[in-house]
Amino acid sequence: MKKLYLPLIFALACTTVVACGGTSGSAPTGPNVVKMVGGTFAIAAISIHKGDTITFVDDSGNGALHILVIGQNAQQTTEKNAPDFGGTAGKRIDVGENWTTPPWTTAGTFHVTCTVHPAMNLTITVS
């Protein structure tokens, strides 16, 4: 009976990681994917529709630690109706990880920056 517990716990742990949006074997692709390579975003701006999400992908071969916040030039600011990026701590993304934002529910222009890399600035236009 004890021999069944270890495989069961392992299977449950793997299921939990997948369900919570953990790193997968391949990086997501698509129109609302923003890649981070080293200390930069691969693009400077993205346009999305209300209700869309954005997936940030940290390159596993040339990535870095990123802490994403709403704001510009590594400074967190309040932008009304922007989704939550982890409060004042920001959203930490380690090398090889990816993270999908909550839905962007309000039209407007928003900004995302990395507190570790001041030159990392992304403008998001929601229509």
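Among contacts (heavy atoms within 4.5 Å) in the protein chain between residues at least 6 apart in sequence, 64% join residues at least 24 apart. The model is predicted: local features need pLDDT of at least 70, side-chain atom pairs count only at pLDDT 80 or more, and totals for chains, interfaces and linings use all residues. Residues are numbered from 1 along each chain as its sequence is written, and side-chain values use heavy atoms, with hydrogens and water left out.

**Chain overview**
- The protein chain has one helix and 10 strands, where helices (H or I, at least four residues) and strands (E, at least two) are DSSP runs numbered from the N terminus.
- Starting at the N terminus, the order of elements is α-β-β-β-β-β-β-β-β-β-β.
- Of the 127 residues in the protein chain, 31% count as buried; buried means under 20% relative accessible area, exposed over 50%, and partly exposed in between (1.4 Å probe, protein chains only).

**The four-stranded sheet**
- Four strands form an open sheet in the order β2-β1-β4-β8, with mixed pairing; two strands pair if DSSP finds at least two bridges between them.
- Its edge strands, β2 (40-41) and β8 (98-100), each pair on one side only.
- Strand β4 (residues 55-58) and β8 run antiparallel and are joined by three bridges.
- Phenylalanine 56 has tryptophan 99 in β8 as its bridge partner.

**Proline 31**
- Proline 31 lies in the loop between α1 (2-19) and β1 (33-37).
- Proline 31 counts as exposed because its relative accessibility is 74%.
- The C-alpha atoms of proline 31 and isoleucine 46 are 9.0 Å apart, and the two residues are 15 residues apart along the chain.
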